[in-house]
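Welcome, and please open your viewer. We will take a short walk through the model, selecting one place after another.

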Amino acid sequence: MDIADMDMNEHKKLNDSVAGTSGMVEKPTPADYIFNVINYLFFGIFTISCIFPFYYIFINTISDPSYVTSGQITLLPKGLTIVNYVNMGKVGDLWTSVIVTVLRTVLGTALMVVVSSLAGYLVTKKEMWHRQLWYRMLVVTMYFNAGLIPWYLNMNMLGLTNTFAAYIIPGIVAPYNIILVKTYIESIPAEIEESAYLDGASYLKIYTSIIWPLSKPILATIAIFGAVGQWNSFQDSLILNANSPHLYTLQHRLYIYLNQSSNIGALASSGDVSTIANSLNTKIIQYTISMVTIIPILCVYPFMQRYFEKGLMLGAVKG
Amino acid sequence: MSKNFSDGMYSTNQKIADKLYWILRIGIVVNVILLFFPSFNPARVCGIMNKNLSLFSCGVSYDTIVGDFGRAFRQKWVDEADFHSLNICSLTIIISVILSCAGGCMSLGNTKMKKTGLAVSAVGGIVEIITFFWMKGIYNAVTQTAADAGKIDKVMPMFQNINFVYLALGIGMLAIACVNFILLMKVPVEEKFEMEPKYHLFLMMLPIIALALVFSYLPLYGWRYAFYDYKAGETLSPDKFVGFKYFRQIINTPQTKRDIITVMENTLGMSGLGIITSWVPMAFAIFLSEIKNGPFRRFVQTFTTIPNFISWVLVYAIALALFSTDGFINTMLTSITGEIHSTPYLMSAEHSWLKMLAWGMWKGVGWSAIIYVASISGIDQGLYEAATVDGAGRFQKMWHITVPELIPTFFVLLLMSVANILSNGMEQYLVFSNPQNKETMQVLDLYVYNRGIGSGLIPLSTVIGMIKSLVSVILLFGANAFSKAVRGESIV
């Protein structure tokens with residue numbers, strides 16, 4: 001059976017059996033009824049609290065700016081329009097941030113996946129010179145680091161501050177993902193690889209023609225986690241590239257707009273009318289950028305959920 | 001699987017060559033490391049060049065070399081051509097090191113590969129020797145231009161001593177390559193380039209190891225800043241060594257001490273709240289699994305996990321949209337009661353810890369529950385059936401079967417969160433902090449950021465980071481030992 005199918009089935013099983021005690025039909029008691037009502041209510045409300053904020057921001061972005069600025073949007077959009085998005089498109093620095101973020105997501109994820117996959121394969125090879133040493137060296141970095149300031153000074157020393165490369169290069173070697181890939185490859189029957197070796201295939205050949213295709217499910221998982229991480233990354237932009245606005249990521253840009261707005265908001269409560277108008281304008285900008293930043297995640301997540309969960313489970317096995 | 005390449009007589013010559021190879025390889029590694037250290041930059045031919053440039057950055061980017069040269073160029077103290085030449089010269093040194101590296105790697109192969117590798121190393125050595133004289137020429141030219149402009153004292157031409165080390169490395173490499181070539185002269189050469197699998201695999205792994213070294217181990221070298229009076233942009237010099245001054249400052253300076261105490265209160269308080277509530281995801285999962293309606297359960301699971309995948313900046317955007325003075329809550333209250341509500345929920349220091357806990361929960365609980373949901377699905381159904389036969393009710397089964405089955409997972413996660421008690425991360429607290437709630441919000445990670453990056457107090461924040469790293473490791477080992485003692489299994 002294809003390994004991808006196996007994943008699918010496992011996943012289905014996981015969902016189906018969540019009900020757990022469905023083995024027997026029991027007569028519900030009044031206590032059961034009360035419990036069920038409370039339970040459904042709780043999860044219903046909590047789920048709404050997770051969805052509503054996104055919905056609220058969304059309806060604000062598709063409503064007429066005058067309603068938004070006068071605070072008339074609560075539960076339904078008013079005066080449907082896409083003018084906010086069109087206006088947003090005219091903001092130049094937003095586009096730069098979108099391009100930077102998309103680029104780093106694509107490039108950073110691709111490189112991380114390829115390297116993790118190769119490294120994961122290599123560390124399964126017992127004949128490697130001092131394999132254990134190298135492997136442990138990678139694992140230790142997950143539990144121990146020098147701290148923020150030495151990291152920053154190191155990046156500075158390497159000349160990686162205020163460069164786009166700062167987003168990509170440090171993330172290429174991801175020890176946790178290497179471990180996940182290694183664990184996965186170890187679960188592939190060794191005979192497949194051995195027979196190829198006896199046929200005279202080189203390591204690289206075995207890797208590209210056997211290991212890579214067979215480990216696609218785990219690679220998809222780390223790719224999706226990596227991509228979300230890259231998309232959401234904010235600290236490296238904030239710390240390393242603070243002096244290069246053309247390299248700000250989308251999250252960093254959003255952070256700046258949010259801060260502007262709250263600062264102006266604080267002024268507004270002191271009663272300066274022109275700043276109020278300004279602040280409310282910032283509010284629309286803020287909502288729209290938030291939406292631009294959220295949409296990729298909202299669109300991708302429901303379809304990729306099984307990969308996310310798979311990743312979590314694999315991580316849990318490893319501890 | 002491994003093939004033996006050294007069939008037949010292994011001569012004394014080959015043994016000597018093997019020893020020399022080790023010297024060669026170590027030399028190459030040293031050479032590569034030197035490339036990245038600003039304090040060992042042979043290309044720093046004059047005082048106006050930035051002190052924090054490594055040879056590597058001089059080689060790859062002309063702009064960084066002349067970054068501070070605006071005035072010097074305009075007033076003709078230095079000649080641009082010299083620095084273009086310097087850029088190319090640095091690049092040539094980098095290339096020579098790359099060549100040596102290639103030669104060093106090839107030395108792990110069979111004789112044919114070794115001999116080719118020697119040729120490559122020799123070329124690398126020769127190029128490195130040539131660049132010494134090239135660099136000397138650039139230095140002379142820079143001195144000449146500065147002298148013509150009468151600005152020797154401003155330009156401060158200098159010929160770095162490290163150039164002699166590079167020269168020595170180049171000569172050494174060339175010498176070893178020649179000697180080994182003579183030693184291996186009589187050894188017959190194979191038909192094909194081959195390498196033992198163990199080295200072949202190692203060489204494939206080498207770039208990955210190198211990246212890990214540079215980005216995860218090299219920062220440890222930055223711990224030395226904790227012992228120096230260092231301000232951002234300066235270079236370290238021995239006379240700035242202050243020993244444990246900044247370690248003592250934490251305890252002796254009242255202001256710093258007060259800060260640290262508040263910060264530790266916040267850190268431990270918020271981590272503590274997190275630990276106290278760490279059973280919530282488990283309860284969430286248990287109750288979720290009591291929902292028998294599949295699609296609804298699936299729906300809940302999907303949408304409660306989404307917040308885990310948005311950044312803290314976005315969470316803050318949501319918080320602003322809902323809780324700012326003109327946000328959803330205030331707007332709703334205004335329209336319901338008819339009175340104007342503009343409570344600044346986010347701008348107050350009240351209940352900061354609880355608010356942060358609530359946001360953390362909102363973001364993480366659905367996702368953290370998934371691991372328990374999976375564990376529940378793995379529980380043997382026979383247990384429940386047997387319990388039903390014995391007359392156990394729904395809650396009894398939850399309490400006496402489900403909970404005990406989940407406890408091992410819970411225990412591991414609890415220990416991990418105890419080990420991470422000092423690491424709250426800074427993003428959440430950074431985005432939510434403002435002048436009003438700063439006092440109650442600043443956790444250790446954020447404090448290090450604010451002091452180090454914000455105020456430029458590098459030694460002090462390095463000290464704090466250092467202590468934090470060490471304590472975290474001790475906690476982790478402690479938690480691990482505890483887990484081994486109690487459960488017989490380690491958690492890392």
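**Stop one: a pair of helices in chain B**

Select α21(B) and α22(B), which cross in a left-handed manner (the near helix is turned anticlockwise from the far one by less than a right angle; clockwise would be right-handed). Before going on, note that this is a predicted model, where local features need pLDDT of at least 70, side-chain atom pairs count only at pLDDT 80 or more, and totals for chains, interfaces and linings use all residues. Residues are numbered from 1 along each chain as its sequence is written, while chains are lettered from A and ligands numbered from 1 in the order in which they are written.

Helix α21 covers residues 444–454 of chain B and helix α22 covers residues 458–487; their axes come within 8 Å and cross at roughly 160°. (Helices are DSSP runs of H or I, at least four residues, numbered from the N terminus; axes are lines fitted to C-alpha atoms over the stretch in contact, with angles from 0 to 180 degrees between N-to-C directions.) That makes α21(B) roughly antiparallel to α22(B), a label for angles over 145 degrees.

Now show B:L444, B:V448, B:R451 and B:G452 in α21(B); they meet residues of α22(B) including B:I458, B:I464 and B:K468. Contact requires C-beta atoms, placed from the backbone, within 7 Å.

**Stop two: the domains of chain A**

Next, colour domain 1 (26–81) and domain 2 (86–314) of chain A, whose bounds come from an automatic or database domain assignment. Their centres, taken over C-alpha atoms, are 31 Å apart. Where they touch, 8 residues of domain 1 of chain A contact 9 residues of domain 2 of chain A. On the domain 1 side, finish by selecting α2(A), which gives the most, with 5 residues.

Definitions and conventions: Two residues are in contact if their C-beta atoms, placed from the backbone, lie within 7 Å. Helices (H or I, at least four residues) and strands (E, at least two) are DSSP runs, numbered from the N terminus. Angles under 35 degrees count as roughly parallel, over 145 as roughly antiparallel, 65 to 115 as roughly perpendicular and the rest as oblique.
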